[in-house]
Amino acid sequence: MEIKEKVAYIKGLAEGLKLDVNDANGKILAAIIDLLGDMAEEIEAIEENAEYLENYVEELDEDLGSVEELLY
């Protein structure tokens, strides 16, 4: 299960419990759940960027290997 799916599951649980967002505890839990959602989106973006960079570095390594073959 992905992080975003886990956050959605937790959000669903909170909605099922019918948290009172006017209550102090309900406000805190709602804010934490929102924060978890934001964090999950950021983590997903970082993972996508890391995958892109990994592929880019692999391409550079292959190109460098070709240049080394030509020079040596």
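Before the first stop, here is a rule you'll need: the rings of Phe, Tyr and Trp (its six-membered ring) pair if their centres lie within 6.5 Å, and planes under 30 degrees apart count as stacked. Keep in mind, too, that this is a predicted model.

**Stop 1: the two rings**

How many aromatic pairs does a search of the whole structure find? The search turns up one aromatic pair. Select Y52 and Y56: their ring centres are 6.3 Å apart and the planes sit at 15°, so this pair is stacked. Now colour helix α2, which covers residues 24-71, and you'll see that both tyrosines belong to it. They are four residues apart, or about one turn of the helix.

Y52 counts as exposed, with 55% relative accessibility, while Y56 is partly exposed at 42%.

**Stop 2: along α2 to an alanine**

Stay in helix α2 and pick A40. Is A40 buried or exposed? It is buried, because its relative accessible area is 3% and the cut-off for buried is under 20%.

**Stop 3**

Now select α1, residues 3-16.

Follow the chain on from α1 and you come to K18, in the loop between α1 and α2. What is the phi of K18 near? It is near 55°, a positive value in a residue other than glycine. For background, most residues other than glycine have a negative phi. K18 also counts as exposed, at 69% relative accessibility.

**Stop 4: the two helices together**

Show α1 and α2 side by side. Their axes come within 9 Å and cross at roughly 165°. That angle makes α1 roughly antiparallel to α2, since anything over 145 degrees counts that way. The crossing of α1 past α2 is left-handed.

**Stop 5**

For the last stop, show the side chains of K4 and E44. They meet in a salt bridge, with 3.8 Å from N to O. Here distant parts of the chain are linked: K4 is in helix α1 and E44 is in helix α2, 40 residues apart. The count for the structure comes to one salt bridge.

Are the two partners hidden away or out in the open, and where do the values fall? K4 counts as partly exposed at 39% relative accessibility, and E44 counts as partly exposed at 32%.

Technical notes: Residues numbered from 1 in each chain as written. Predicted model: local features only at pLDDT ≥ 70, side-chain atom pairs only at ≥ 80, totals over all residues. Heavy atoms only, no water. Phe/Tyr/Trp six-rings, centres within 6.5 Å; stacked < 30°, edge-to-face > 60°. Buried < 20%, exposed > 50% of the residue type's maximum accessible area, 1.4 Å probe, protein only. Salt bridge = Lys/Arg side-chain N within 4 Å of Asp/Glu carboxyl O. Axes fitted to C-alpha atoms, helices over the stretch in contact; angles between N-to-C directions. Parallel < 35°, antiparallel > 145°, perpendicular 65-115°, else oblique. Left-handed = near helix turned anticlockwise from the far one by under 90°.
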